[in-house]
Amino acid sequence: MRPLVRTAALNGYVELSRSLGLDPRALMTSVSLDTADLAVQDRWISGTAVVGLLELSAARSGREDFGLLLAERRRFSNLGPISLLVREEPDVRSALALLIRHQHTYNELLHARLSEGHGVAALKIDIELGEPRPARQATELAVGAFHRVLCGFLGPRWRPSSVCFTHRAPRDGAGHRRLFGPVVEFDRDFNGIVLYTEDLDAANAMADAQLRSYTRQYFQPVADAREVSEADRVRDLIEALLPTGRCSIEQVARSFGVDRRTVHRHLAGSGETFSSLLNTTRRALAEQFVANPSRSLTEVSTQLGFSSLSAFSRWFHLQFGASPREWRKIRTGRTGPGAS
């Protein structure tokens, strides 16, 4: 099925869109995304939808540099857990090597690779959708994000030898020159950043050799966990879609860019069905939410995608043998603000 990206890929999207006179909620809805998803940056959403959203936003705003504007809002932490490890690498080369080796932990669309020779290094960056469709904005966002990472290590005054894009030059290149300097080039044979090998050898002033071993121990289970099955990917989307009230096999299929039969076929391979995943995901969330007395049962019902509190209560009783209110009293041993 189609690749996913962390919602952190859209960090700053809502604010940027509004500053350009766009309606981010309407634009996201048009590509089957929801602004509520952005509240949790480690949630996984459709990469195809994100690419389409960026292209649509650039067209509606008239800003050919929309992806770069979003890149300028990037923070190191947007990379997720791997940012903790990268900060402790001894030099720029090893930091980039880690980002490339574990790129699947933060963006399944991304394909980056580093080559060196004759004192020059090329960091080549592509967006792989598995189908021919425009991805100019996503490509520029990715290149801009890597440029920000390099500036974080090498200093804000650092400039690459060149920044290359395979697509044509924009009508107004001011935004590109502001971010990259006068070294940006278009109609090249690859997307990416060319820098000198000596830049890769630069020491990381932030690194702590002792802390590095601890961060590696922490990150490895996170990296291993991202080797997920198709069922895990569907489960991630179910959890993201439940609060929107639009959690259906059709919506999940649209998010992956496939039809419902393809989703059923992938799930059958792991002995699951969409209904079974929906129910187990709801059960796990229900136990967590109902046990928290600060959440009202009406709120819990909405978060789990039920049309009414009564529908949620009937489902809950079938699953747990007690009403949500009774079950909460048993678990907490008292009534709380959410028990009424």
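Trainee: How does one describe the way helix H6 and helix H7 cross?

Mentor: Two packed helices are described by the angle between their axes and the distance between the axes. In this predicted model, the axes of H6 (residues 92–101) and H7 (residues 136–154) come within 11 Å and cross at roughly 150°. Axes are lines fitted to C-alpha atoms, for helices over the stretch in contact, and angles run from 0 to 180 degrees between N-to-C directions. H6 is therefore roughly antiparallel to H7 (angles over 145 degrees). Helices are DSSP runs (H or I) of at least four residues, strands (E) of at least two, numbered from the N terminus.

Trainee: Which residues of H6 and H7 make the contact?

Mentor: Contact means heavy atoms within 4.5 Å. H6 contributes Val92, Ala95, Leu96 and Leu99, and H7 contributes Phe146, Val149, Leu150, Phe153 and Leu154. These residues divide into 9 nonpolar, no polar and no charged (Ala, Val, Leu, Ile, Met, Phe, Trp, Tyr, Cys and Pro count as nonpolar; Asp, Glu, Lys and Arg as charged; the others, Gly among them, as polar).

Trainee: Is His118 buried or exposed?

Mentor: Buried means under 20% relative accessible area, exposed over 50%, partly exposed in between (1.4 Å probe, protein chains only). His118 is exposed, at 88%. This residue, in the loop between strand S3 (110–117) and strand S4 (120–127), has a positive phi of about 55° although it is not a glycine.

Mentor: Residues are numbered from 1 along each chain as its sequence is written. Local features need pLDDT of at least 70, side-chain atom pairs count only at pLDDT 80 or more, totals for chains, interfaces and linings use all residues, and side-chain values use heavy atoms, with hydrogens and water left out.

Key. Angles under 35 degrees count as roughly parallel, over 145 as roughly antiparallel, 65 to 115 as roughly perpendicular and the rest as oblique.
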